Amino acid sequence: MMSKLLDKLGEIVASSKSRFVTIAFWIVIVALLSFVWPQVNEEETSTNNLLPEDAMSVEATKIADEQFPNDAGIPLLIAWHRQGGLNEGDFTAIQSLYKDLNAEPLNNQTMAPDFANIPVEGLMQAASSDGEAIVTPVFFEEATKAGDLQLALDALNENITELTEMDPFNGDITEEGLHVRFTGPVGISTDAVELFSQADLTLLIATVLLVLVLLIVLYRSPILAVVPLIGVGFAYGLISPLLGFMAREGWIVVDAQAISIMTVLLFGAGTDYCLFLISRYRDELKLEVNKYKALHLAIANSGGAIMMSAMTTVIGLLTLSLAQYASYDRFAIPFSLGIFMMAIAVMTLLPAILALLGRTAFFPFIPRTEKMTQELEKKKGKPVRRPKSKSRFSIAAGRLVTEKPWQIIIICLLFLGGLAALFPRIEYTYGVLDSFPEDMPSREGYSIISDHYPPGEIAPLQLIVDTAGADVDFEEMLSSYSIVESVSDQRVGEVDPNVVEYQVTLAVDPYSKEAIEQVPEIKASAAETLEQVVIDNASEQVWIGGETATLYDTEEITRRDQNIIMPVVLVIIATLLMLYLRSIVAMTYLLLTVVLSFLSALGLGWLIIHYVMGASAMQGLIPLYAFVFLVALGGDYNIFMISRIWKNRSYMPLKKAISEGVGETSSVITSAGLILAGTFSVLAVMPIQVLVQFGIVTAIGVLLDAFIVRPLLVPAITAVLGKYAFWPGKLWKKEDVDKQRG
C-alpha cells in the first residue's frame, strides 16, 4: 500500500511534464515567503535569560529588583591593567575619560561614577592590592540592543585610545604597557554577538565547501555533488522565512547558537536523505531503461525508509521542547521543522531535479542496464566500464557479519564498551565565559579582575531572606563557611522591611565547582536559622542569587531536563521502531546499540577535548544535545539498513538477507556518515566552545555509528539471534520454512 502511494507521488512530482511544475512551484513559494516574511537571522534574540521564572536565582533577582532597586542599569566593567603597577598617567586618563562621559554621555548611558573629581591618590586606593589593576564601571539602559551597545563601546574605545595615546585594546595582557579590556554583562554580551556574526558566514561557507568536496570524492560526479546542495538550499530558503515569521509573531524564540547548528544539521541530515534516494535511483537505473520509471521505483522503495527516518528525527528533536532550560527549548522547533521541510524537499523537489537530469546526473559514471551497456559497447566497438554495485567494504562487512558474527560482536563491544567506561569520569562546566575563546576581550578582562582582586569579588553571592518580622542575624552563619571571604552589612527591603539581603564575597572562584556545591548548603543553613525562631516553611523564604547561584540552578535544571528528555526520546524511538519493524527483539537491541554508541562518543570525545585540546571540563549542555542528535540520527541509519534486511528476508534465507542488506546499504550509510560527521566537525571553526565540543562529540558518534555499529555490530547481532530477531513479527517463523525446504 505504502509503495503504491509513494509510486503515485513520484508520478505526480517527477514525470516528464510535472518535473517542471514541481521545480517552478518551489521557486515561487521560496521567493514569495522570502519577500513577505523576515529571515530567521533577523529575528534572533540577544537575551541571555535561559532559566525558567521559578528558578531560585531568577526569583532572587526579581525580589532584589523590587526590594533593593538599582536604577543604575546594566554595567560595563572597564578593566585597566599594567604589569608592575598602574602609573599616574593611567589614573589621569581614567579621570579624563569619566569627565568626558559625564559631560557628553554615550548613547543609552544611564550613569558613570564621578571619578573625574576623585584625586589620583583616591583612585590608587581603589586599585588592586598590588596596584596593577583597577576596574571602573559605566552603566547603560537595561533594554539597550546589542548593536547600540556595540556602537557605544566603539566610541569608548576610540576615546580611551586618544586619551592614552596608544592602543591598549590589543596585544597580550601579560606584556608590558597599559592594557584595557571591556567585560561584565555589557562586554560579554557584545562579544558574544560579534563572535556569532563573524562565524555564521564562515560556518556556512565551510559547510557547503566540505559537503561539495566529500560528494565529489565519494561519488566522483560533479553534477551529482551539486544536486543535494540545491535541494538543501531550497529547503533552507523555505525554512528561514517560516521560522522568521514564527519568531516575529512571538510563537518561538531563536538565537544565534540554534540557527548555527540548524544550518549544519540541514546540510548534514539533508544530504543524507538525498543520498538515500539517489543511491536507490542509481540501482534502479541499472535495471530499468525508462529514467522516469526508475525514479518512481526508487521513490517507492526508499521513500518509506526516508519518511520514517525523518519522522523519527523530527519527533526526537521535538522532545527538546520538554526542557525548562531555554537553550534546549529554543532548539526544538527550528530543528524539527528544518528536518520536516528537508524531508518534503527530498520527496518532491529532488525527484523533479533528478527527472530533469536523468542519467546525466551521474556523469561520468553513468548507470545503464545491461542491454544498454551492450548496445553502447557494440556502437563504440570496445568494452564499457561497468560501475561497481557494491564497495569492497560493503562486501567484506556483509561476509564478516554472517560468517563470524560472535567475533564481530565481541570486538565491537570491547572497543565501544571501553570508550563508554570513560563516561563517569567526565567533568562538566556551566560557566558562560568557559565557552568563549581565551583571547576574547571580555574573558581577558575577567582574567585581569580575578588575578588581581579577591576571587569572589567579581561575582558576589546574594542571600535574600523573608524573616516574617523575626529578628534574625545571618552574618555569623555565613562567616562560618570556609569559602566565605567577607559578608556585607544587612540591607532591609524598601517595600517590605521583613526582607533582608546580604552580599557575600567568596574566598574561592565563584564559578568553581567548590563554590557551586555550597549553594544548597548555604540555603539549608539559612532555612535552619529561620526555623530556630519558629518560622514555618523556612526553606521557601530563602533565596540565593548571583552568578554562582545561577550556575547551580543551571546544573540542577539541565540535569532535570536530561532525566526527563532522554527516557522520552528512547520511548519514542522504541515505539516508532516497533511499529515499523514489528519486532520487540529488534527494537530492543537497536535501541541498546544506539545508547552504547552515544556513551562511546562521549567517552572518546572527552579524551580529545580534555587530553588533546586541554580543556579542563566539557560543557554541561553537551550530553543532552549529543544524545538527542545521535539517537535520532542513528535511528536514520538503523531504519535504512534494517529495513533492507527485513525486505530481503521476505524472499531469501536469513544469512543471505543480512549479507545482501549490509552490502546494499553499507556504502550509502558510510558515505552519509562521512558527510554528516564532516558537517558537524565544521562547528570547530566556531569560536564558542560549546559548539566546538558539540561538533566533536556528535561527529565522533556519527562515525562510530556509520563504520562500526550499523554495518558490523547490528547485523552481527541479527545473525546470532537468527529468527528470534523478528519476534513476534510475521518473519519470525520463516527460518523453519527455509530449513524444511532445504
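I take helices (H or I, at least four residues) and strands (E, at least two) as DSSP runs, numbered from the N terminus.

This is a predicted model, in which local features need pLDDT of at least 70 and side-chain atom pairs pLDDT 80 or more, while totals for chains, interfaces and linings use all residues. Residues are numbered from 1 along each chain as its sequence is written, and side-chain values use heavy atoms, without hydrogens and water.

I located a kink of about 45 degrees in helix 10, centred on serine 302; the bend is the angle between axes fitted to the seven residues ending at a residue and the seven starting there. I found 20 of the 28 residues of helix 10 buried, that is, under 20% relative accessible area with a 1.4 Å probe, protein chains only.

I traced an open sheet of four strands in the order 2-3-1-4, with antiparallel pairing; two strands pair if DSSP finds at least two bridges between them. Strand 1 (residues 74-82) is joined to strand 4 by six bridges. I noted alanine 79 opposite arginine 181 in strand 4.

Methods
Buried < 20%, exposed > 50% of the residue type's maximum accessible area, 1.4 Å probe, protein only.
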